[in-house]
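Colleague: I've got a model open and I'd like to learn how to read it. Could you walk me through some of its features?

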Amino acid sequence: MKSFYLTTAIDYVNGSPHLGHAYEKVLTDVIARYRRLMGDQVHFLTGVDEHGQKVQMSARKKGIDPQQFCDETSLEFRALCTKLNISNDDFIRTTETRHKAVVRELLQRLFDKGEIYRAEYKGFYSTRQEQFLQEKDRLPDGSWPEIYGEVTEITESNYFFRLKNYQEWLIGYLQEHENFVFPRYRQKQVVEFLKEPLNDLCISRPRERLEWGIPLPFDEKYVTYVWFDALINYISAIWKDGAPDPRFWPVDFHVIGKDILVPPHAVYWPIMLKACGIEPPKALLAHGWWLQSGAKMSKSTGNAVNPLDLVGQFGADAFRYYLIREMNVGQDSDFSAEHFVIRYNSDLANDLGNLVNRTLNMTNRFGGGVIPAAEVEEEPEKELKDLWAKTQAEYTPLCEGLQFHSALERTFVFVKAINAYIEKRAPWKLGKSTEAADQARLRTSLATMAESLRLAATFIQPVMPGTTEKIHAALGYKAGAVWRDEHPWSTKLDGCKVEQGLVLFPRPEPAAPAAGAAPAQPKQPKQPKQG
Ligand code: MSP
């Protein structure tokens, strides 16, 4: 059986991970977890990009050997995955032997086929982007855009990959595969890019200028261009007997940021694969950027938010919730610490956290700690069940369409509705009545709030797996093996013994703020309503 294979971009290790890196991992993890819950076998790869000029320069600045520098910084990226509860199956580093061997094998294959040739290059070069520039890259006033940093004119002999020869093939491929890029409007960008003639790709750097890279197998005086090296991670991690393992390849999704869609992932990568006789990826998912006051968050602009500060203060699930709830996949989103705290307090501490406490408290107070069976179905129950039916009908198509922010939003509308149901039923009033009909309503209300909480907890599972587990455990419940069987309204909780209480989203300890980023001290979430 073929696994659902998905990957993140591999991060440059020339600095510490920031919110943008964290988002990509969380988004990919949500897809991975969702697919596993839907019954797919999943293979999830992430990792780090360790070669190239940027890393060499950062290591020099620190006065240490690049390998040692990579060994140290890659640990931060691994730690990030652990802290964010990322369920990756593999973590690749481009300095690993398994990766370097495949890069060299493919370079040799392409060289032998005549897809790589040597030529003299004269032109402009951006060290920051490790890229050769063309006249069309200049601004209207003739200067170079700031993203290129210092631009120098150089003349050197290099190796080139025959990209140009595959332009027509790629155009045809995109016509036949309209859903190659998600969101679809980004595919148009690729098509636009291909309207201009492609240049062959310079895939080497002379060692005297850049040492930190994979030597070309056919000319050891050169190292491999970092993008040519990095893209290959997606197959070197699953390499088996001279080809990507067919249990995983072709990949179902490469999850990447919109900045690295064109040309690396949408042009170089499919062409590299085609030239090597390997199938192209099934799809690319290009997400948007996290911005700070309208500017892209990045290491170089110094406006990066350290995800670990937020995770340390609010917990992994709260952080994951915020990222997924706030970003419509594909579009940009502005990060604001204040807004983070508002969401934390309102959605998580007040709506969900209070609901859990009210349910546990009332089951203990009026049901002796055991969830009773529902006995009646009146208007309040019917309304809530109808809303669940609607939420359930919308949820799966939204997730399938990668609209996780909307799936979460609908789930939290349901959470609010459970709270409203409790207000309407007012079990604390029913508890005072000695009428048999009110006692039946009281038991029904306890059963209904517990069951609806179980269901809401089931739907937040891909995004907040730890929270789901805690809520189910507090309800004395162990979910069955088939997730979809957990979705319908049921009587599964009848007779379950609940815990005394559960503090899911406590007031965070004030922490030392990260530069310009950490939230002001959050307000105390409202105390759980006792009913
Ligand atoms: N090393 C290359 C990728 C090679 S993949 C074969 C690279 N690294 S990166 O560290 O600069 O970026 C890694 C990922 O993080 C990219 O997908 C990038 O788009 C994403 N993000 C970096 N900053 C971001 C934001 N501010 N917001 C969201 N994601 C962004 O590019």
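This is a predicted model: local features need pLDDT of at least 70, side-chain atom pairs count only at pLDDT 80 or more; totals for chains, interfaces and linings use all residues.

Colleague: How do I read the direction of helix 14 relative to helix 16?

Modeller: Look at the angle between the N-to-C directions: over 145 degrees counts as roughly antiparallel. Helix 14 (residues 404-425) and helix 16 (residues 436-459) pack at about 170°, and their axes are 10 Å apart. Helix 14 and helix 16 are therefore roughly antiparallel.

Colleague: Which residues in helix 14 and helix 16 meet?

Modeller: From helix 14 you have T411, F414, V415, I418, Y421, I422 and R425. Facing them in helix 16 are R441, T444, S445, T448, M449, S452, L453, A456 and F459. Sorted by class, this contact holds nine nonpolar, five polar and two charged residues.

Colleague: And at what angle do helix 13 and helix 14 pack?

Modeller: Helix 13 (residues 379-400) packs against helix 14 at an angle of about 170°, with the axes 9 Å apart. That makes this pair roughly antiparallel too. On the helix 13 side, the contact includes L384, L387, W388 and Y395; on the helix 14 side, the residues include R410, T411, F414, I418, Y421 and R425. By class, the helix 13 contact with helix 14 has 14 nonpolar, three polar and six charged residues.

Colleague: In which sense do strand 17 and strand 18 pair?

Modeller: Strand 17 (residues 290-292) pairs with strand 18 in the antiparallel sense, over two bridges. If you want to find one on screen, go to Q292: its bridge partner in strand 18 is A295.

Colleague: Last one, the ligand. Which residues come nearest?

Modeller: There are 25 residues around the ligand, and the nearest are I10, E24, D49, D259 and M297. I10 uses a polar backbone atom, 2.8 Å from a nitrogen atom of the ligand. W290 also has a polar backbone atom 2.9 Å from a ligand nitrogen.

Colleague: What part of D259 lies 2.6 Å from an oxygen atom of the ligand?

Modeller: A polar side-chain atom.

Key. Residues are numbered from 1 along each chain as its sequence is written. Side-chain values use heavy atoms; hydrogens and water are left out. Axes are lines fitted to C-alpha atoms, for helices over the stretch in contact, and angles run from 0 to 180 degrees between N-to-C directions. Helices (H or I, at least four residues) and strands (E, at least two) are DSSP runs, numbered from the N terminus. Angles under 35 degrees count as roughly parallel, over 145 as roughly antiparallel, 65 to 115 as roughly perpendicular and the rest as oblique. Contact means heavy atoms within 4.5 Å. Ala, Val, Leu, Ile, Met, Phe, Trp, Tyr, Cys and Pro count as nonpolar, Asp, Glu, Lys and Arg as charged, and the others, Gly among them, as polar. Two strands pair if DSSP finds at least two bridges between them. A residue is near a molecule or strand if one of its heavy atoms lies within 4 Å of it. A polar contact is a pair of N or O atoms within 3.5 Å; within protein, one must be able to donate a hydrogen and the other to accept it, and residues adjacent in sequence count only if both atoms are side-chain atoms.
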